[in-house]
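User: Could you walk me through this one? I would like to start with how the chains meet and then look at a few details.
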Amino acid sequence: MAILKGIAGAVAGYALGFAVVAAAQLAMGNPVGGAVPVVIGSVFATVGWLLGVGLWRAWAREWFGLEPRLDVPTGPGRYFRFNTDHKVIGVQYLVTFVIVFGLAGLLAMVIRWELITPAADLGGDAYNQVMSLHGILMVAVAVAAVLGGLGNYCVPLMIGARDMAFPRLNALSYWLIPPVAVLLLTAPFVGGWDSGWTAYPPLSVVNAGGQVLFVVAIVIFGLSSILGGLNAIATILRMRAPGMTLMRMPIFVWSVLAASIISLLFTQFFAASLILVLLDRVAGTTFFEAAGGGNPLLYQHLFWFYSHPAVYVMILPGFGITLEVLTHFSRKPLFAYKGAVAGFLGIVVLSGIVWAHHMFTSGMAHFMNIPFMALTELISIPTGLVFLSALGTIWRGRLWLRTPMLFALAVLFNFAIGGVTGIYLADVATDIHLQDTYFVVAHFHYTIVGGEIFALMAGIYYWYPKITGRMYREGLGRLHAVWMFLAFQLVFLPLFVAGIHGMNRRINEYVEPLRGYNVFASVAAFVLGAVFLIALGNLVWSWARGRVAEANPWRATTLEWTTSSPPPPHNFEQTPEVVGDPYPYGEPGAVHVRPVTVPTIAGGSE
Amino acid sequence: MAAVTEHLTHEHPAERLRTNRLGLWLFIASESFLFAALISARYYLLGTERSEHLNQALGFAISLVLLTSSLFAYRAETAARFGDQRGFRRATATTIALGLLFMVGVVLEWREGLAFFPPSTLYGSAFFTLVGFHAFHVFTGVVALALLLFVGRDGRFGPENHWPVEGVVKYWHFVDVAWVFIFPTLYLVK
């Protein structure tokens, strides 16, 4: 029902927005139409959607002096409405972005299918649209799946809070996502857009109308990201249980805090850069139009000032999950906890002063090359601290090689390759050769897929019993981990070589000598894609029919495992009291949380 | 306002107030990055070059109007906190009036600007975008103040319930401070 009301609100909003602009156009004697009514209509539609889906009922009534109405629904219906429970919102994010991940993965299959032969099997325009859509959908997954999904679900539990600091804002952040998906998926019907996820002008100022929908979608997505980041920071700083000092927080919580700082502040630059593109298109400004005195490089500066930090929005929570899983499954306290925290914060600070390493070949002033090279390479120091913490943790640990641990170990291997190849891209001399080749493609897939997405998998399997109250099939989980790890290497290792040999990214045809690498990568990509069918089957089937999980199947020490699986709506039967470090493995007598009577309804109950 | 959230998060009202304040400051920090992006775009494209046809007197006048409005916004907040309903209503209404006066000033300067430096010129691009973004913020502030005036007509804001007023007024101050950076960026530097 809530969703139907939302759709009605969206339709009404679009009609209203369109009509207002059309009336204004008539009044000024201009022809009705163009992009402006669509833009305003989309913005109004988003507002209408939000109001209909529950914002009005639960929140906006208050702004007009009326009593808000908040009901606490139970049963499966609670996932399909404006719900303020962070656990429901976490599942909403996770399921939504698993679907988006599947869609974007299918597009990746199309890309690899096209690239099996050197010829243009798919038209250039169609290929560009497929590549652009794959890019932006995967970026959305990478930005929101871990933070919005696992961050939302786990952070309040891990710090002993009842909910996020702003529960209704949290629901708002999630319900901003469906309009983004609708806008991005309708864009192909109005000509799509062919400028990649980066949307560089001058192309993005002159190409098909789908670009306008892309801009509106990303500005809305950015708003969701900013509000989500704000909420996470306020939650972590304000909602911790008694005794949960900052340095007693599980490391995943630290990583969410660090990533949220970047989301909160830098996302504005992405929104600003795209709004300037929109103004150039519809309002006749000349920011990026060289003929009018503008400069397309301005876009790249604004864009990368967000979009480089954005990769840390993606990878930092991935690091957090990895360290979290490594310490629990090595049965050792996290090595160099303070070093890892310093590493996260160091990455946050440096993330804002390295952006121009994306622009060495762009024609920007040459004096900027060397400083940005040096600053970029400084990032290896905080990242090295995180690696030191990871390696020190597994060193002489009693490794328990369950599915989450296999994925966490894979992150270390993959990110090492992703990190080392990054040095060649930060170096001006080698980057001039490698810029915009498949070396770059392989590099960022190793860091973001090999790092964050593998960590997302680790996190999904690790917290699966907590979230669903049931256990997945361990054998299939391990098969997923090993299969995905091996197939991933086979897809992307050859692409480094293809890139060194000059294979450009974002092209649908290439020269004959590069065929071998591409055939190999494509076949491996299909094998990689197939594993997700097994994983999905395992996770969906187990949710319905799997063995009922205990409250703490991993015998882990952090707070989320002290409550039932899944947790009750109010998370804890009594407010937990934290008395020690989060990972007191092998320390006689040491505990993280003062023991309380475990709730009797462990497992399966709502 | 806070009752629902206090119920959901199990916070004491005084603790809730601190959490709300933190949330607002985080929002303001984020918004400053938006204005920083637009201001840096102006300097990137134009350096300190500016149009010769600016009406600096008008710009100075509306700056004074906006800064004065912050004083009345502050009085509205204080009155609400001490339960002075009449003072709250008068100060809020004055703030709204000054905000609207500012927007009238923006319309006047836009009419002049469209003639001398339309958006199709580089300076016009920077000018109309920056002033437009800021005026939109002023507009949202005026709407929020009007809602406060409407909701508070029954005298519900007082010592126990002044966060909505405090939040909107702090946002209003932020919008003023943003103008303190935008005004020299567009009108004074050379």
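User: How many residues does the contact take from chain B and from chain A?
Analyst: Bearing in mind that this is a predicted model, the contact takes 39 residues from chain A and 30 residues from chain B. On the side of chain B that touches chain A, the elements that give two or more residues are α1 (2-9), α2 and α5 of chain B.

User: Which of those gives the largest share on the chain B side?
Analyst: That is α2(B), which supplies 15 residues, the largest share of the side of chain B that touches chain A. Sorted by class, that side of chain B has 19 nonpolar, ten polar and one charged residues.

User: And how do α10(A) and α2(B) sit relative to each other, in terms of their axes?
Analyst: The axes of helix α10 (residues 296-330) of chain A and helix α2 (residues 13-46) of chain B cross at roughly 150° and come within 11 Å. Because of that angle, α10(A) is roughly antiparallel to α2(B), and the crossing of the two helices, α10(A) and α2(B), is right-handed.

User: Which residues meet there, between α10(A) and α2(B)?
Analyst: From α10(A) there are Leu298(A), His301(A) and Leu302(A), and these meet Ala37(B), Ala41(B), Tyr44(B) and Leu45(B) in α2(B). By class, the contact of α10(A) with α2(B) has six nonpolar residues, one polar residue and no charged residues.

User: Switching to chain B by itself, how many helices and strands are there?
Analyst: Chain B has six helices and zero strands, so that, read from the N terminus, its elements run α-α-α-α-α-α. Its C-alpha trace spans about 55 × 30 × 20 Å along the principal axes, and buried residues make up 39% of the 190 residues in chain B. Among the contacts in chain B with a separation of 6 or more, 77% are accounted for by residues 24 or more positions apart.

User: What about α4(B), how far does that helix reach from its first C-alpha to its last?
Analyst: Helix α4 (residues 85-116) of chain B has 32 residues and reaches 47 Å from its first C-alpha to its last, which is close to the 46 Å expected at 1.5 Å a residue.

User: Which of its residues are buried, and what do the buried residues of α4(B) pack against?
Analyst: The buried residues of α4(B) include Phe88(B), Ile96(B), Leu98(B), Phe102(B) and Val106(B), together with Glu109(B) and the glycines Gly99(B), Gly105(B) and Gly113(B). As for their partners, the buried residues of α4(B) pack against α3 (56-81), α5 (122-151) and α6 (163-188) of chain B.

User: Back to chain A: where is Gly41(A), and is that residue buried or exposed?
Analyst: Gly41(A) lies in helix α2 (residues 35-63) of chain A, and it counts as buried because it has 23 C-beta neighbours inside 10 Å.

User: What does Gly41(A) touch, leaving out residues up to four places away in sequence?
Analyst: Gly41(A) touches Tyr14(A), Gly17(A) and Phe18(A) on that basis. The C-alpha atoms of Gly41(A) and Tyr14(A) are separated by 4.2 Å, although the two residues are 27 residues apart along the chain.

Methods: Residues numbered from 1 in each chain as written. Chains lettered and ligands numbered in written order. Predicted model: local features only at pLDDT ≥ 70, side-chain atom pairs only at ≥ 80, totals over all residues. Helix = DSSP H or I, 4+ residues; strand = E, 2+ residues; numbered from the N terminus. Expected span 1.5 Å × (residues − 1). Buried ≥ 20, exposed ≤ 12 C-beta atoms within 10 Å, placed from the backbone. Contact = placed C-beta atoms within 7 Å. Axes fitted to C-alpha atoms, helices over the stretch in contact; angles between N-to-C directions. Parallel < 35°, antiparallel > 145°, perpendicular 65-115°, else oblique. Left-handed = near helix turned anticlockwise from the far one by under 90°. Nonpolar A, V, L, I, M, F, W, Y, C, P; charged D, E, K, R; others polar.
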